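The structure is shown below.

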Amino acid sequence: MTKHTIAPKRWWYIIPIIFITYSLAYLDRANFSFASAAGINEDLGITKGMSSLLGALFFLGYFFFQIPGAVYAERRSVKKLVFWCLILWGLCASLTGVVSNIPMLAAIRFALGVVEAAVMPAMLIYISNWFTKSERSRANTFLILGNPVTVLWMSVVSGYLINAFGWREMFIIEGLPAVLWAVCWWFLVQDKPSQASWLSEEEKAALQEQLRKEQEGIKAVRNYREAFKSRNVIILCMQYFAWSIGVYGFVLWLPSILRNGTEMGMVEAGWLSAVPYLAATIAMIVVSWASDRMQNRKLFVWPLLLIGALAFLGSWLVGSSNFWLSYSLLVIAGAAMYAPYGPFFAIIPEMLPRNVAGGAMALINSMGALGSFVGSWIVGYLNGATGSPAASYIFMGVALLVAVFLTLIVKPAENKRSPSPGRTARHA
């Protein structure tokens, strides 16, 4: 069976649901960057060093609860887990708008990370239950597109909300949609194809047979311990740590970097902040399509991260003397960092069997969260300590170069049966 004969309606039914869900998660974690640029520091008496730590605390909570969430999703139910996460993170996000002191803000940022931690691995597990190997890079990309597309429109909307009301009202308004969407999620989602009333029995059988055949070709792994000790999983953990330093250093501090570069208001900063994410959206779709077509994952990861690293270092070399050239390089860096997500998250389900793949993806994603914590904290600190983003550009560029090297040394998947001649080189 090919992807053309197995229930094309899955794309129209499932992809919008996962896209909206992850979009709302990303909305409620990334809008802190706009509050930082709009006066939350002055209103609460937050120093520049404390601001970078508060921005990063989300990722610390996110780091600790990835694997427990993935184990629950894999063994029990993605549907139940994400339902409660939606409600809790929406409430946490809205509560950010009523904080009156730094300890309260720190507690809410950490709690937001905790309740969002399970969402990414749970959604990747959900996708692996519904989409075949030849579809997975594109399906992953439509999930993660919730990230740049959300920041694209959120950059504009948040700028207007802050301009019209203030940062408190922005948090309150932008937290409510997640709670409302939880109700829709509950009635729309089924954990497995066998539970879907909108698929025929023939479509269910064809999809399940294809997924079963794909599992036959993967070398057996007994448990999580064995999976977590494998060379490729360890390398991918380090790779995603380094990659995430660049991504979240960029995401959390771009509005502040832009406002420091020129004297501009929040609305202008919002529009300029949106452009890299528009470029990222286009790049992600093109790259995921090419990756699924060629069935080569690594080839669509490391070259793009190399371009991102060079763009950051180029922006450092240009300096503040030419704002628009430096800004153009940041647009390139943003697009290049986001483009490989779909192929990257297709690697693990093709290397490990289903009984451990979800946990391995959670471990890798948790290391990404730790890298995000380091990146967002250090970039914020460097910007405040030096009064310029130059040191941040070097830091993020070097981190991406490390990610490039680590991607290159990941070995092809080991299969139960010997692959046909010439096939091994095609797989990441």
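My entries on helix packing and ring pairs follow.

**Entry 1: ground rules.** I note that this is a predicted model, in which local features need pLDDT of at least 70 and side-chain atom pairs count only at pLDDT 80 or more, while totals for chains, interfaces and linings use all residues. Residues are numbered from 1 along each chain as its sequence is written, and side-chain values use heavy atoms, with hydrogens and water left out.

Entry 2: Two packed helices are described by the angle between their axes and the distance between the axes. Helices here are DSSP runs (H or I, at least four residues), numbered from the N terminus, and their axes are lines fitted to C-alpha atoms over the stretch in contact, with angles from 0 to 180 degrees between N-to-C directions. I looked up helix H10 (residues 146-164) and helix H11 (residues 167-188), and found an angle of about 130 degrees with the axes 8 Å apart. That makes H10 oblique to H11 (under 35 degrees is roughly parallel, over 145 roughly antiparallel, 65 to 115 roughly perpendicular, and the rest oblique). On the H10 side the contact (heavy atoms within 4.5 Å) includes Met154 and Leu161, and on the H11 side it includes Trp167 and Glu174. By class, this contact of H10 with H11 has 7 nonpolar, 1 polar and 1 charged residues (Ala, Val, Leu, Ile, Met, Phe, Trp, Tyr, Cys and Pro count as nonpolar, Asp, Glu, Lys and Arg as charged, and the others as polar).

Entry 3: Searching the whole structure gave 25 aromatic pairs (ring centres within 6.5 Å, using the six-membered ring of Trp; planes under 30 degrees apart are stacked, over 60 edge-to-face, and the rest tilted). Tryptophan 167 and phenylalanine 171 form one that is edge-to-face, at 6.2 Å centre to centre and 80 degrees between the planes. Because they are 4 residues apart in helix H11, about one helical turn separates them. Tryptophan 167 is buried, with a relative accessible area of 5% (buried is under 20%, exposed over 50%, partly exposed in between, with a 1.4 Å probe and protein chains only). Phenylalanine 171 also counts as buried, at 1% relative accessibility.

**Entry 4: H16 and H20.** I then turned to helix H16 (residues 302-318) and helix H20 (residues 390-408), whose axes come within 8 Å and cross at roughly 160 degrees. That makes H16 roughly antiparallel to H20. The residues of their contact divide into 16 nonpolar, 4 polar and no charged.

Definitions and conventions:
Helices (H or I, at least four residues) and strands (E, at least two) are DSSP runs, numbered from the N terminus.
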